[in-house]
Amino acid sequence: MAYSGPFQPGDRVQLTDPKRRHATIVLQPGGEYHTHKGIIRHDDIIGADEGTVVRSEQGYEYLCFRHLMVDHVLSMPRGAAVIYPKDSAQILVEGDIFPGARVLEAGAGSGALSMALLRAVGEKGTVISYEIREDHLEFAEANVDEYFGGRPANWEPHLGDLREVTRETIGGPVDRVILDMLEPWECLETVKDLLIPGGVFMTYVATVPQLMKVMEGIRELKCFTEPRAWESLVRDWRVEGLATRPEHRMNAHTAFLVMARRLADGVTPPRPQRRARK
Ligand SMILES: C[S@@+](CC[C@H](N)C(=O)[O-])C[C@H]1O[C@@H](n2cnc3c(N)ncnc32)[C@H](O)[C@@H]1O
């Protein structure tokens, strides 16, 4: 799939009309897109630069851009709730997903996080995704394949329960583990076994009881650093002269993020020191 340059056949293009309504088409030579304002010919878009304006037969104007990954994630079919872009962004940086990394994720769900991970690890990296539900794995595979225009060579999706995965099953340890599931504490022993010393573990949980349970589970295993928990809040702003102000509506809560690093084997974690109460 091309990410830049003039439009080519096979590109997924987002058309935006003057009322800011979107439609997505996949370019095919000779193809046509029928709108209530007349036909748009794909050949009028193929070869043009991104950001071009195409006119329907009735002269209605549509702005043309390639589908970004966020557009795909927010519009693709879902089996399970996706990790939203604001949280995937946190995971990529706070989870230190580097080019060439071997990353394990579970569950694959709808494949939203898989896509972000696959781009970040690059061609020399690997993303191993476990999903316990066959119907969800099918969504993940279809969404990832559609976005990349085929199965990425650096992706290993598996149907299965992460709790049963061993180093032998996946051919060695991993640099990073990311969990997005209802009961991540049930997979902590597996994470402990699969993660290299210094490796980063992150999990994404929606509720306070889940957060408390997974934090306690991490501490009890005594093979991780003191876990850190946080959430990210993103508030859009309307910037229009004297009416400039934050938007009225926002997604105030998606989930909490938790991060800890794997200690070397046999090391006892130093006890966190808390400030004495006055
Ligand atoms: C919220 S969804 C994940 C969404 C995904 N991160 C995304 O961005 O599209 C949680 C998924 O975890 C899967 N799951 C739960 N427990 C699991 C386990 N032990 N092993 C593998 N997958 C599991 C569920 O079937 C579900 O599809």
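Start at Lys222, which sits in the loop between helix H7 (208-221) and strand S12 (228-230). This is a predicted model. Select Lys222 and check its backbone: phi is positive, about 55°, although the residue is not a glycine. Most residues other than glycine have a negative phi. Is Lys222 buried or exposed? Lys222 counts as exposed, because it has 11 C-beta neighbours inside 10 Å and the cut-off for exposed is 12 or fewer.

**Another positive phi**

Next, select Asp96. Look for Asp96 in the loop between helix H2 (85-94) and strand S7. Phi of Asp96 is near 50°, again a positive value in a residue other than glycine. Asp96 has 16 other C-beta atoms within 10 Å, so it is partly exposed.

**Zoom out**

Now show the whole chain. Seven helices and 15 strands make up its list of elements. The C-alpha atoms fill a box of roughly 70 × 50 × 30 Å along the principal axes. Of the 278 residues, 35% count as buried. Take the contacts with a separation of 6 or more: 62% of them join residues 24 or more positions apart.

Colour the chain by domain. The domain assignment gives domain 1 as 12-67 and domain 2 as 71-261. How far apart are the centres of domain 1 and domain 2? Taken over C-alpha atoms, 34 Å separate them.

**The ligand**

Select the ligand and its surroundings. The shell holds 23 residues. Ala80, Gly107, Gly109, Ser110 and Ala112 are the closest. By type, the shell divides into 13 nonpolar, five polar and five charged residues. Helix H3 (112-121) supplies at least two residues of this shell, and strand S8 (126-131) does too.

Stay with Gly107, one of the closest residues to the ligand. Gly107 lies in the loop between strand S7 (102-106) and H3. Which form does the peptide bond from Ala106 to Gly107 take, cis or trans? The bond is cis, with omega near -15°. Most peptide bonds are trans.

**Helix H3**

Move along to H3. This helix is mostly covered, with nine of its ten residues buried. Colour the buried ones: Ala112, Leu113, Ser114, Met115, Ala116, Leu117, Leu118, Ala120 and Val121. Ala112 is also among the closest residues to the ligand. Step just past the helix to Gly122, where phi is positive, about 70°.

**Helix H4**

Now select helix H4, residues 134-148.

Which residues of H4 are buried? They are Leu137, Phe139, Ala140, Asn143, Val144 and Tyr147. These residues cover an arc of only 155° around the axis, which means they lie on the same side of H4.

Show what they touch. The buried residues of H4 pack against helix H1 (69-75), H3, S8 and strand S9 (155-159). The face turned away from the buried side carries the exposed residues Glu134 and Asp135.

Finish just after H4, at Gly149. There phi is positive, about 70°.

Note on methods. Residues numbered from 1 in each chain as written. Predicted model: local features only at pLDDT ≥ 70, side-chain atom pairs only at ≥ 80, totals over all residues. Near = placed C-beta within 6 Å. Helix = DSSP H or I, 4+ residues; strand = E, 2+ residues; numbered from the N terminus. Nonpolar A, V, L, I, M, F, W, Y, C, P; charged D, E, K, R; others polar. Expected span 1.5 Å × (residues − 1). Buried ≥ 20, exposed ≤ 12 C-beta atoms within 10 Å, placed from the backbone. Arc of directions from axis to C-beta. Contact = placed C-beta atoms within 7 Å. Domains from an automatic or database assignment.
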